[in-house]
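Subject: Structure for you to look at

Hello,

Here is the structure I said I would pass on. Please open it alongside this message.

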Amino acid sequence: MTKTVTNPPSTSHRHSAVLFFHHFFFFFFIRTPKLKSLTTKPHLLLLLLLCHSFIGSSNALIRTQKKKKQKKKKMGEIPSTGALVPAVKPEPSPESAAVEPSLPPEPQFQTTVDEDVIMEDADKDMLCPICMQIIKDAFLTACGHSFCYMCIVTHLHNKSNCPCCSHYLTVSHMFPNFLLDKILQFLKKNSSSQMANTASPFQNLRQALEQGHDMSIKELDGLLSLLSEKKRKMEQEEAETNMQLILSFLHCLKRQKLEELNEIQSDLQYIKEDINSVERHKIELYRGKERFLVRTRILVNDPLATNSWPSSIDEHGSAIINGAHSVPVVQMGSGNSQSQKPDVMPQTKFQGLQRKDAYSGLDLQSVTPSAMVVARKRQIYSQFNELQKCYLRKRRYWNRQSHKWEERDRNTVSREGYNLGLEDFQSVLSTFTRYSRLRVLAELRHGDLFQSPNIVSSIEFDRDDELFATAGVSRRIKVFEFSSVVNEPEDVHCPIVEMPTRSKLSCLSWNKNMKNHIASSDYEGIVTVWDITTCQSVMEYEEHEKRAWSVDFSHTEPSMLVSGSDDCKVKIWCTKQEASVLTIDMKANICSVQYNPGSSIYVAVGSADHHTHYYDLRNISQPLHTFSGTSKAVSYVKFLSNYELASASTDSTLRLWDVKENLPLGTYRGHTNEKNFVGLSVNSEYIACGSETNEVYVYHKAISKPMARYKIDSSELNENEDGSGSYFISAVSWKRDSPTMLAANSQGTLKVLVLAA
């Protein structure tokens with residue numbers, strides 16, 4: 001037999017019990033006069049709450065069973081399914097349930113606030129299922145649901161069923177729910193008292209005034225006086241706070257300006273000391289030159305010079321010391337007219353001899369400054385702010401060092417007469433103003449006659465700077481003799497060695513000890529060591545899974561080399577074995593690698609993660625230093641010395657780092673580099689790089705702005721070639737300890753450039 005699921009006996013019995021329980025309490029407690037007075041007592045109210053909670057739970061159980069019946073009608077038997085991950089329901093935000101602290105002027109808004117407070121803790125059975133608000137004038141239906149009277153009456157005008165369970169329903173099947181109304185009134189009173197206890201005195205006062213409480217004029221006067229006194233105190237406290245704030249600001253500003261003043265005074269003292277040192281040194285140079293000139297006159301047998309030699313030196317030296325700020329070319333005597341008369345003739349002949357020596361190139365101070373001096377002064381003025389920063393930076397640095405090595409600095413100053421900071425800056429000023437432009441020494445075309453232009457990806461000089469090799473997308477390594485390229489006509493530049501490769505090449509590196517070995521990395525991830533004498537590969541390493549961008553031989557260990565690839569791996573190789581010696585796994589593509597020139601255990605890595613990493617190969621679990629500051633990928637890393645590392649990034653900046661102290665030393669801007677490999681090369685003083693504007697830029701390592709640049713104009717390209725504006729410099733390389741460099745662009749043009757004044 002099958003069970004009837006449409007009307008289970010348990011449901012109907014429970015429904016009848018609920019109605020009986022409700023009406024029993026209603027008629028027994030409310031309609032009975034003696035017991036009606038007990039409804040205000042707390043124990044009766046608790047009993048009423050228990051009653052209503054029982055009713056609510058019963059109603060909920062009834063609704064649950066009805067829903068099950070409806071599902072079974074539609075689906076028959078409910079199939080069993082696997083366990084589902086429960087979804088986390090969002091909790092109501094505290095802002096939605098917060099009560100507005102201030103009381104509005106309209107009194108009926110207080111009721112709304114009370115209702116909001118009640119709704120926070122109300123059971124769902126206390127909410128009208130139609131309007132979803134606290135039930136007003138509650139009416140109970142025959143099916144056990146409570147509604148607002150107006151809500152259910154309005155609903156029954158349109159439909160004759162219960163909004164909750166859809167049972168047939170008319171107005172005659174509804175009864176007033178006095179019990180629920182009393183419970184809601186009790187909750188409203190409690191919420192009002194709670195708000196009164198938690199409200200501020202101002203809110204209580206405002207509420208009392210708005211509700212029309214009587215107050216005498218005397219009480220109002222006292223209240224006004226209290227309020228005015230409170231206002232005066234608050235204004236005074238606010239004024240004191242403002243004064244304290246501005247006083248704190250002024251003290252901070254004063255302290256900052258005093259620090260700046262002390263720094264300026266210290267800088268001014270440095271400048272005065274250095275001016276005196278330079279002038280003393282200048283006097284010594286002038287005395288030495290004068291002795292040399294007098295000695296030259298003695299060699300030509302001039303007796304007048306022999307007689308005037310001691311006196312002229314002494315008198316001229318004293319004159320220079322007396323007027324140190326204006327050093328004359330020749331000044332005899334110390335100011336006495338009688339002492340000047342005997343020296344008139346020697347002075348005239350000495351000046352004539354000095355003019356004679358000036359024509360022969362011996363005079364160091366001519367009347368008209370040379371064009372070179374004018375050009376160097378012009379360069380100083382054009383970069384005066386940068387030079388000023390450099391001078392003060394070096395002067396302050398060496399002043400701090402003097403406190404650490406006070407004895408050594410004192411000995412140095414007394415021996416040379418120069419502060420170490422001034423000596424350091426003099427070296428910078430000399431090397432910076434020595435050159436101001438780049439000029440072309442020679443040019444050669446890297447592309448073949450019947451082939452399209454070739455991007456030169458790498459240029460490298462050999463150990464002795466006699467040969468240089470080029471490589472790129474042409475799949476060929478070409479080795480040229482530098483002297484023949486510079487000295488021979490442009491049409492006869494042919495490589496002395498040419499080696500074909502299987503793939504496009506990205507980088508070259510000469511062995512620093514074995515002149516005939518050169519390493520290459522290509523687009524297939526293969527690292528190859530070549531012997532240029534036999535034009536054959538010595539070793540091939542194929543462990544990289546993607547394109548290898550960079551390779552470098554160790555300076556101190558000729559058999560060791562390092563490579564970096566798009567597979568996010570740095571690999572250390574040895575020419576004595578086929579497998580890699582060491583692998584460093586990183587999280588981003590590797591763009592450039594280089595050994596420290598002073599050690600084979602330190603490697604610098606430029607990565608696409610916008611950082612430059614410096615590794616100690618004895619512990620590769622994490623980098624020794626990580627240099628950050630660039631906003632894009634680091635495309636090149638090059639060492640200027642054992643402690644100075646330069647990096648290039650596609651954010652159009654170059655940066656200099658101190659790998660010993662883990663400090664930034666400088667940032668260089670001026671070129672354009674946003675997406676291409678444009679080359680980077682360094683020597684002890686200068687940094688050269690390419691630009692996507694088809695220009696070569698040269699920076700002095702102490703100055704952040706370019707000191708020289710050269711543009712390969714489109715007029716220099718073949719007239720039948722289109723898109724000349726899209727060419728860019730693709731590789732640069734300094735000739736070691738020389739102002740000469742090589743630069744190639746994406747068209748395949750290679751130029752030999754030299755720094756010039």
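Below is what was found in it.

Please keep in mind that this is a predicted model. The protein has 757 residues, and 40% of them count as buried. It contains 16 helices and 31 strands. Its accessible surface comes to about 43,900 Å², with 55% of that belonging to carbon and sulfur atoms. Of the contacts between residues at least 6 apart in sequence, 51% join residues at least 24 apart.

Helix α8

This helix covers residues 217-299. The buried residues of α8 include Asp267, Tyr270, Asp274, Ile283, Tyr286, Leu293 and Arg297. Phe249 also lies in α8. Together with Met243, Ile246, Leu247, Leu250 and Leu253, Phe249 forms a nonpolar patch on the surface, and the accessible area of the patch is about 570 Å². In soluble globular proteins, nonpolar side chains tend to be buried together.

The nonpolar cores

The largest nonpolar core has 28 residues, of which Leu438, Val696, Val698, Met741 and Leu755 touch the most other members. Another core, of 22 residues, lies apart from it; Met126, Cys143, Leu169 and Leu184 are among its members.

Met741 and Val732

Beyond four places in sequence, Met741 touches Leu438, Val696 and Val698, among others. Its other contacts include Ala688, Val732, Trp734, Lys751 and Leu753.

Val732 is in strand β29. Is Val732 buried or exposed? Its relative accessible area is 5%, which is under the 20% cut-off, so Val732 counts as buried. Setting aside neighbours within four places in sequence, Val732 is in contact with residues including Ile459, Leu680, Ala688, Cys689, Val696, Met741 and Leu742. The C-alpha atoms of Val732 and Ala744 are separated by 6.5 Å, and these two residues are 12 apart along the chain.

Regards

Methods:
Residues numbered from 1 in each chain as written. Predicted model: local features only at pLDDT ≥ 70, side-chain atom pairs only at ≥ 80, totals over all residues. Heavy atoms only, no water. Patch = residues over 30% accessible without salt bridge, like charges linked within 9 Å, V, L, I, M, F, W, Y side chains within 5 Å. Areas by Shrake-Rupley, 256 points an atom, 1.4 Å probe, with all protein chains shown as cover. Salt bridge = Lys/Arg side-chain N within 4 Å of Asp/Glu carboxyl O. Helix = DSSP H or I, 4+ residues; strand = E, 2+ residues; numbered from the N terminus. Buried < 20%, exposed > 50% of the residue type's maximum accessible area, 1.4 Å probe, protein only. Contact = heavy atoms within 4.5 Å. Core = buried A, V, L, I, M, F, W, Y, C linked by side-chain atoms within 4.5 Å.
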